[in-house]
Amino acid sequence: MDMKNVLYLTRNALLEPLGQSQILPYLKYLSKSYNITIISFEKENISNFISYKTSLNNELTTLGITWIPLKFIQGKPLLSLLQLLLVSIIEIIKKRKYHLIHARSYVPAFIAAFIYKILRVPFIFDMRALWLEELVSSKRLNRGSLRYRILSTLEGICIKDSAAVVSLTNGAIGYLNSKYNNHFSNKIYSVIPTCVDVDRFFSNLNPNLNPRIYGCYGTVLSGWFQIDWLIEFFSLLSIRDPNALFEIVTNDNPSDIKHCFKNNLKLLSRLRVYSADPIQMPSIISRFSATVMFFTPGLSKLGSFPTRLAESLACGRPVVINSGVGDLDQLIRNLKFGIVISNIDTKAISSSLDELELLINKPDINLVCREVAMNNFSLYYGSSEYNKLYKRIII
């Protein structure tokens, strides 16, 4: 039987880390069952761009994947939008028969919705997160503005006209269902969280954790992260365990981070702040007794699933996180792979430290975390869910 043709649209570059970890692995798996064409935007300012591009193109060609890389145009979103629209339409007309468009995130979905109106090619709105709410939270968009109303209208069209919607969380689906008058009552949708390569994020499940190291990694100085919570949590934990060490692995400026800890010199003397290459992260995470992450809550976080959580679990390490991030409150309580903190007062943290101590001391906690990652957040799981969705749409 002939394989069906799928056009995959993304603004994210395949040559950058996100494309390498969150796009290509899925499409390599799906290419076994579908003829896939990818249109992406690539930034030519990365080192060894030509050689990396040639190497990736050769690899994709071997897998039967067609790649159309577009040049990323900084600061000209409308020109990029027009470029993606024209190239997509030309590709569809040239090949004559596409059975599905997979649009990753909002702008590609706007393109896919327009193409659906004129050419009737069904599309998946793979929204990833609540983009409009993220723009509002970061103060890049005013909720009452004309721009917000236009984007909100386009969001509603994408939900209404899409063959299916993919979200990182059930919380986002519930919010959008309420916002758009129960559009999801008859809509195909799938909740596929951020997934990771569990084979890569695997190290020693039973290292010598003495003294204990409590770690945090990724950016902590962005508006999305609550560094004040991290400081308070580490401070009380340092009193509870006078031998514990603390690490923050980040590309943020170490001096700026240490300055935030300036009022606690004893903790600062036990804190190490450094950067690391992605290839080093599995072995680094495996040294932690637990990975700590606190994100700024709000409506936008209903649609979020932090990649670092899945990576930590794949390494067999429990997590500490604040409530209000996607579906994680319920997931953690059900699957017992971490601690959820609802507020940052001393009583709440002390209680959470008691829970964390019990969790770390569980003989099988590392195996539990690893199993949760393999069953719920592995690339194989995510790819299989996409394959099921494709089959429901393409008859």
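At 41% relative accessibility, Asp354 counts as partly exposed, a class that lies between buried (under 20% relative accessible area) and exposed (over 50%), as found with a 1.4 Å probe on protein chains only. Asp354 forms a salt bridge with Arg240, their closest N and O atoms being 3.0 Å apart. The term salt bridge denotes a side-chain nitrogen of Lys or Arg within 4 Å of a carboxyl oxygen of Asp or Glu. The model is predicted: local features need pLDDT of at least 70 and side-chain atom pairs count only at pLDDT 80 or more, while totals for chains, interfaces and linings use all residues. Residues are numbered from 1 along each chain as its sequence is written, and side-chain values use heavy atoms, with hydrogens and water left out.

**Salt bridges**

- Side chains of opposite charge can pair when their charged atoms come close.
- By the rule above, the structure has 13 salt bridges.
- Helices (H or I, at least four residues) and strands (E, at least two) are DSSP runs, numbered from the N terminus.
- Arg240 is partly exposed, with a relative accessible area of 40%.
- Glu155 forms a salt bridge with Lys179, and the closest N and O atoms are 3.0 Å apart. Glu155 belongs to helix 7 (residues 146-161) and Lys179 to helix 8 (residues 170-179), so this pair ties together parts that are 24 residues apart in sequence.
- Glu155 is buried at a relative accessible area of 2%, whereas Lys179 is partly exposed at 25%.
- In the salt bridge of Arg287 with Glu247, the closest N and O atoms are 2.7 Å apart. This pair also links distant parts of the chain: Arg287 is in the loop between helix 12 (281-285) and strand 11, and Glu247 is in strand 9, 40 residues apart.
- Arg287 is partly exposed, with a relative accessible area of 31%, while Glu247 counts as buried at 6% relative accessibility.

- An open sheet is formed by 6 strands in the order 10-9-8-11-12-13, with parallel pairing. Two strands pair if DSSP finds at least two bridges between them.
- Strand 10 (271-274) and strand 13 (338-341) are the edge strands, each pairing on one side only.
- From one strand to the next, the twist averages 20°. Axes are lines fitted to C-alpha atoms, for helices over the stretch in contact, and angles run from 0 to 180 degrees between N-to-C directions.
- Strand 9 (residues 245-249) pairs with strand 10 in the parallel sense over 4 bridges, and the bridge partner of Phe246 in strand 10 is Leu271.
- Helix 14 (residues 328-335) lies across strand 12 (319-322) and strand 13, running at about 140° to strand 13.
- Helix 15 (residues 346-361) packs on the sheet and touches strand 8 (213-217), strand 11, strand 12 and strand 13. Here contact means heavy atoms within 4.5 Å. The direction of helix 15 makes about 175° with that of strand 13.

**Aromatic rings**

- A pair of aromatic rings is described by the distance of the centres and the angle of the planes.
- The structure holds 13 aromatic pairs. Rings of Phe, Tyr and Trp (its six-membered ring) pair if their centres lie within 6.5 Å; planes under 30 degrees apart count as stacked, over 60 as edge-to-face and the rest as tilted.
- The ring centres of Phe305 and Phe377 are 4.8 Å apart and the planes stand at 45°, so the pair is tilted.
- Phe305 lies in the loop between strand 11 (290-293) and helix 13 (307-314), and Phe377 in the loop between helix 16 (365-376) and helix 17 (379-393), so the pair ties together parts that are 72 residues apart in sequence.
- Phe305 counts as buried at 8% relative accessibility, and Phe377 counts as buried at 2%.
- Tyr106, Phe110, Phe125 and Trp131 are linked by ring pairs into a cluster.

**Charges over rings**

- Arg120 lies over the face of Tyr116, at 4.2 Å from the ring centre. A charge sits over a ring if NZ of Lys or CZ of Arg is within 6 Å of the ring centre and within 35 degrees of the ring normal.
- Arg272 lies over the face of Tyr274, at 3.8 Å from the ring centre.
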